[in-house]
Amino acid sequence: MAEKLAGRLRIHVKNNRWAAGSFPNTPEGEEVFTIDEQRFGLALEHFPDLADRVEPFFDWDEDNFWPSMAQADILLTWNLSTKGLAQRALNLRWIHCIGAGVEHLLPLDWLPENVELTNNKGVHADKAGEYGLMAALMLHNHVPTIFTNQRNRVYNSLYSTPIAGRTIIVVGTGSLGGAVIKKLAPLGPILIGVNRRGGNVEGCTRVVTVDEIDTVLPLADILYLAMPDTPESNGLIDRQRLDILKPTCGIVNIGRQSAMDYDALCDRLEAGKLAGAVLDVFTPEPIEKDSRLWSTPNLIITPHVSADDGDSYVPLTLDLFLRNLQRFVNGLDLDNRVSREFGY
């Protein structure tokens, strides 16, 4: 726990202009994620104790980044130039990333020892839970196949039953995976969680560690991936693990593409060895025009929208940030601290 801080705190707010392959990667995304003076001011109205404590500076990309960072105490951003940060931002004590994942900042060997890094974990939960419920029910009700049949002008009755009793494996039981577990649990499926530590997860009938994942994959009617991009998760669902899934299994990925071999997934979908898939995350984004994903049967693509609330993303982000700022000025430990060891 640090000492209470006195005086005004200079906050550098770094927005990004949209660019393909970056964040945000569409013009629509730029509007959703921009933190400007008006939005910051509206959020600050709910924290009157902070009104005289902050001096925000709103910027784009690196237009005025380094001159401002020479004075900044706090950085609110998605990404940043890390080279020489410790020498050029001597007052900096805290960086808040407006995304839940910080894989684009790894490894964290650039992060000065006296600087905290926090993320947006939890902001996405409500939207992610609803999306996950939708995706799981779409798979259970054969919607990817029905959409493929529609494109091919095939009228085929595909019946389904209530989802109660079906087995759903949720890999990654943090805020995103936990949100879908809470939405699905009342419907009665068997929910098995997979995470790094094991232990109890609300709504799950069983939880195993990542090292034990092969023992539960053959049971899956739906495999739901909600993992960050870390060395541990990279390539986790490879061709061999896809091969041990039931051909009637459906897959959802809202975490990061790096967790799954998409080429192997497409091969199995094309061969009719999986029931379907709903994918929301890709590398690169947007998906390239010649990607085989566009034409793979029984596959639904959504453009990385599973967890982002278009109306409330910035207000929710600023509410989280300002609540943490209250902790910061009072010398309390920050919420959502990112582990230097694990990268999330």
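Strands here are DSSP runs of E with at least two residues, helices are runs of H or I with at least four residues, and both are numbered from the N terminus. The model is a predicted one, in which local features need pLDDT of at least 70 and side-chain atom pairs count only at pLDDT 80 or more, while totals for chains, interfaces and linings use all residues. Residues are numbered from 1 along each chain as its sequence is written, and side-chain values use heavy atoms, with hydrogens and water left out.

On one side in the sheet, β4 (residues 94–97) pairs with β3 (residues 74–77) in the parallel sense over four bridges; two strands are taken to pair if DSSP finds at least two bridges between them. Within this pairing, Ile74 stands opposite Trp94, and Leu75 faces Ile95 in the same way, standing opposite it. Strand β4 also runs parallel to β5, to which three bridges join it. Here His96 is the residue opposite Thr118 of β5. In general, strands of a sheet pair through backbone hydrogen bonds, either parallel or antiparallel.

These pairings belong to an open sheet of five strands, with parallel pairing and the order β2-β1-β3-β4-β5. Strands β2 (54–60) and β5 (116–118) stand at the edges with a single partner strand each, so one side of each is left without a neighbour in the sheet. From one strand to the next, the twist averages 15 degrees.

Two helices that meet the sheet can be followed next. Helix α2 (residues 37–44) lies across β1 and β2, and runs at about 150 degrees to β2. Such angles run from 0 to 180 degrees between N-to-C directions, and axes are lines fitted to C-alpha atoms, for helices over the stretch in contact. Helix α10 (residues 313–329) packs on the sheet, where it touches β1, β2, β3, β4 and β5, and its direction makes about 160 degrees with that of β4. Contact means heavy atoms within 4.5 Å.

How do α2 and α10 meet, and at what angle do they pack? Their axes are 10 Å apart and the angle is about 55 degrees. That makes α2 oblique to α10, because angles under 35 degrees count as roughly parallel, over 145 as roughly antiparallel, 65 to 115 as roughly perpendicular and the rest as oblique. The crossing of the two helices α2 and α10 is right-handed, a term used if the near helix is turned clockwise from the far one by less than a right angle, with left-handed for anticlockwise. From α2, Arg39, Phe40, Ala43 and Leu44 meet Val314, Leu318, Phe321 and Leu322 of α10. The residues of this contact divide into seven nonpolar, no polar and one charged, where Ala, Val, Leu, Ile, Met, Phe, Trp, Tyr, Cys and Pro count as nonpolar, Asp, Glu, Lys and Arg as charged, and the others, Gly among them, as polar.

Elsewhere, helix α6 (residues 143–151) has Val143, Pro144, Thr145, Thr148 and Asn149 buried. The buried residues of α6 pack against α5 (125–140), β11 (276–279) and β12 (299–301).

Several loops deserve a look at the backbone. Most residues other than glycine have a negative phi, and most peptide bonds are trans. Arg153, in the loop between α6 and β6 (167–171), has a positive phi of about 60 degrees although it is not a glycine. At 80% relative accessibility, Arg153 counts as exposed. Asp61, in the loop between β2 and α3 (65–69), also has a positive phi, near 45 degrees. Its relative accessibility of 23% makes Asp61 partly exposed.

Two cis peptide bonds can be pointed out as well. One joins Leu106 and Pro107, with omega about -10 degrees, and Pro107 lies in the loop between β4 and β5. Another runs from Thr283 to Pro284, with omega near 0 degrees; Pro284 is placed in the loop between β11 and β12.

Finally, Asn25 sits in the loop between β1 (9–15) and α1 (27–33). Asn25 is buried, with a relative accessible area of 18%. Leaving aside residues up to four places away in sequence, Asn25 touches Trp18, Ala19, Ala20, Glu285 and Pro286.

Terms used: Buried means under 20% relative accessible area, exposed over 50%, partly exposed in between (1.4 Å probe, protein chains only).
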